[in-house]
Amino acid sequence: MVAFEQCGRRYGDVAAVGSVDCAIATGSFVALVGASGSGKSTLLKMVNALVEPSAGRVLVGGEDVSARAPPQLRRRIGYVFQGIGLFPHMNVAENIAIGPRLHGEHLSAARVAELLQLVELETEMAGRMPDELSGGQRQRVGVARALANSPQLLLMDEPFGALDPITRDALGERVRALHHDLGLTTIMVTHDMAEALLLADRVLVMDAGAIVADETPAALLAGKGGKIAQSLVAVPREQAAKLAQIEKAMRA
Amino acid sequence: MSGFWEALLGLGDQLAAHVLLSASAIALGILVALPLAVWANRSPSVAKVALGFANLVQTIPALALLALFFPILLSLRAVFGEGLPTLGFLPALLALALYALLPILRNAITAQANLDPGVLEAADGVGMTSAQKLRLVEAPLSAPFIMAGIRTAAVWTIGAATLATTIGQPSLGDPIFAGLQTQNWILVLAGCAASAALALTTDALLGLIERGMLGRKPALSLGGLAIVAAGIGTALFVQFGGSKEERIVIGAKQFSEQYILARLIGSQLEKAGYAVEYRDGLGSAVVHNALTTNALDISIDYTGTIWTNQLKRTDNPGREAMYAEIVRWEAERSGALVLGRLGFENAYAFALRKDRADELGLETLEDLARAAPQLTVGGDPEFFERPEWIAVRDAYAFRFEATRNFAPTFMYNALKSGEADVISAYTSDGRIAGDNLVVLADPEEALPSYDALVMISPESAKDEALVAALQPLVGAISVEAMREANFAVDREDDAKLSPEDAATQLAERIGL
């Protein structure tokens, strides 16, 4: 579905992304994990041409992304990001319908209701303005907007980063289910290894602009992927261990 | 106060002209500022240049900006042909639009720069082209802030539009300037009140539109817009609704004598069956150019003024030679017709209060030169730049303690209040007798003559009936008659006359 071929991006003398080679199979759920500044967002944004590679190329569905005008490309790709970016002067329904509207298609009320259902929001939400919604509700609308053009590829850049843990968990599960039900290919950038391990079926670990590990969650938990990957896995693992200890102490 | 309401109610035409001028200037300002803001938002260097330019324009006094468009448009005639108007609506529109640019541009650029980056990323992310992004996201989100800029621009423009009077565009400045010159404060007040009320009403209506945009209540915005449109529509009807006949345009500079003589000429032409229109309060430099380019049909000018400003001469060949040379020069160079001399001079002279003159023992400019180091001399705004001043200063070796500029009307007040000891008075001025002033003799004949001339534009000079109608004025007005008429308008007691009434009285006195 997506292939990076010797992709690099420099900003002046700084290489945000080195030379990345990687292929992502149709239907997979890939997490891009790494510390801030590791280049994971930059790599993701090359897929929908929000960032232009300064070297190499990116293929989506076998086609070089630079072959088309960026707006054409982006309309086929769902994009969800931490800032959410709902249009404050449009209500929920108008926000969801914006993608189809851009190429002259009117989204029916029934389709808006269906998309709201997909993200577990009430149909009545359609008439609300973004500033009347909670953060979690807003990002649900953001996901519904990304799905309105029925994309096959969904890009998510720290999608749940600004949400509280409960909302975050529920929305993560929902996205995982949508990925499965709609047959999407999903690439998610996150700095949270636990989220990556729980949602993705393939985890790419990035450091200093390069992919340093490419493993399944099971393999990472089994200790593979090298030092940097393991240091990231260690965080949730130690947290889990400490929680287990506390529970044990309480039972004792 | 009944005079105030009467004056206010008489301002319909000026109000309509003011509304149309301001609305056009703001519309043009918006038309230029918005695309510029969009461009500036995509290129920081454009933003820098555009804002820098708009700021620079703001530092030019509005009066100067308006005046500057005269020579600019005059030189543009080389490109656009002789039909390009150099006075009146066009230069006023351009100058005011430039003035309106800054607040609109600045607010539009700031609004775009402050848009939520998340929203802009989303706009790109969902696949908007840059045109869609502008139309669907940037424009609607910036609109309330741009509207605030337009409000500021509107209030500025409506205020500054009163100055359009000085370049021959009718506006609410007409009563203000006319009142200021003839010391008719009711007229000044009426003009100010009308312009302030217009500015406040416009601000309130635009505020309504802005609130509608902010609260996403389109009904409110549309309502405000409808009232604004109705106001402009009414002004258009008042301005162009009635049938307008050809009118002879008579220009007047910014002092009482000019107002009176313009009315005298006007009534003379009306008797001959012409429709006339007055352009009052024109800048002195503007009048001659306006006449020779047919923007004015008739003006009253003075030999000394034309000698230095147009012929660029600094010598003083004497009264008759100067007049003959000017008639020849105008016929050859500008095509304007010098119909003749009215019979009086409005020359520069040095005057001071009689009690002061006696106290200091002053009778001539030679005496004045001796006393000068202890005295302050006052002059009209152009006087100390004029060659007459330089000539007389050098001839008598004047060294005054201080020189001060006053508007012509206020010079006499300055003399009364002691802010000036001696002023550059005008020989035809009624206040010389009225204020009991002494005019100092000029034994060196350093001051040139200023015969009042009737000037007719090249176009109107071809109209024989018009020329014939004005012929009786030549040589008909003595300096005493002119002084009396001027004093009647300038005095501040109950015997004060309007320029129209003074012109009627003058016509009777000289037997027209």
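How far apart do the C-alpha centres of domain 1 and domain 2 of chain B lie?

## The model and its domains

The C-alpha centres of domain 1 of chain B and domain 2 of chain B lie 36 Å apart. This is a predicted model, in which local features need pLDDT of at least 70 and side-chain atom pairs count only at pLDDT 80 or more, while totals for chains, interfaces and linings use all residues. Residues are numbered from 1 along each chain as its sequence is written, and chains are lettered from A and ligands numbered from 1 in the order in which they are written.

Chain B is divided into domain 1 (2-240), domain 2 (248-345 + 454-509) and domain 3 (348-439); such bounds come from an automatic or database domain assignment.

## Where domain 1 meets domain 2

In chain B, 17 residues of domain 1 are in contact with 18 residues of domain 2. Two residues are in contact if their C-beta atoms, placed from the backbone, lie within 7 Å. On the side of domain 1 of chain B that touches domain 2 of chain B, α4 (62-80) and α8 (173-182) of chain B each supply at least two residues. The largest share of that side, five residues, comes from α8(B). Helices (H or I, at least four residues) and strands (E, at least two) are DSSP runs, numbered from the N terminus.

By class, this side of domain 1 of chain B has eight nonpolar, eight polar and one charged residues. Here Ala, Val, Leu, Ile, Met, Phe, Trp, Tyr, Cys and Pro count as nonpolar, Asp, Glu, Lys and Arg as charged, and the others, Gly among them, as polar.

## Two helix pairs in chain B

Helix α8(B) also packs with helix α9 (residues 185-214) of chain B at an angle of about 155 degrees, their axes being 7 Å apart. Axes are lines fitted to C-alpha atoms, for helices over the stretch in contact, and angles run from 0 to 180 degrees between N-to-C directions. The helices α8(B) and α9(B) are therefore roughly antiparallel to each other, a description used for angles over 145 degrees. The residues of α8(B) that meet α9(B) include B:P175 and B:I176, and those of α9(B) include B:W185 and B:L187. By class, this contact has nine nonpolar, three polar and no charged residues.

Helix α21 (residues 479-490) and helix α22 (residues 499-509) of chain B have axes that come within 9 Å and cross at roughly 155 degrees. They too are therefore roughly antiparallel to each other. From α21(B), B:A481, B:A485, B:A488 and B:V489 meet B:P499, B:A502, B:Q505, B:L506 and B:R509 in α22(B). This contact has seven nonpolar, one polar and one charged residues.

## The sheet of chain A

Strands of a sheet pair through backbone hydrogen bonds, either parallel or antiparallel. In chain A, four strands form an open sheet in the order β2-β1-β4-β5, with antiparallel pairing. Two strands pair if DSSP finds at least two bridges between them. Strands β2 (14-24) and β5 (63-64) of chain A stand at the edges, each with a single partner strand, so one side of each is left without a neighbour in the sheet.

Five bridges join β1 (residues 2-11) of chain A to β4 (residues 55-60) of chain A, and these strands run antiparallel. Opposite A:A3 stands A:L59 in β4(A).

## Where the chains meet

Between the chains, 15 residues of chain B are in contact with 17 residues of chain A. Helices α6 (117-125) and α7 (130-160) of chain B each supply at least two residues of the side of chain B that touches chain A. The most comes from α6(B), with six residues. By class, this side of chain B has seven nonpolar, five polar and three charged residues.

Notes. Angles under 35 degrees count as roughly parallel, over 145 as roughly antiparallel, 65 to 115 as roughly perpendicular and the rest as oblique.
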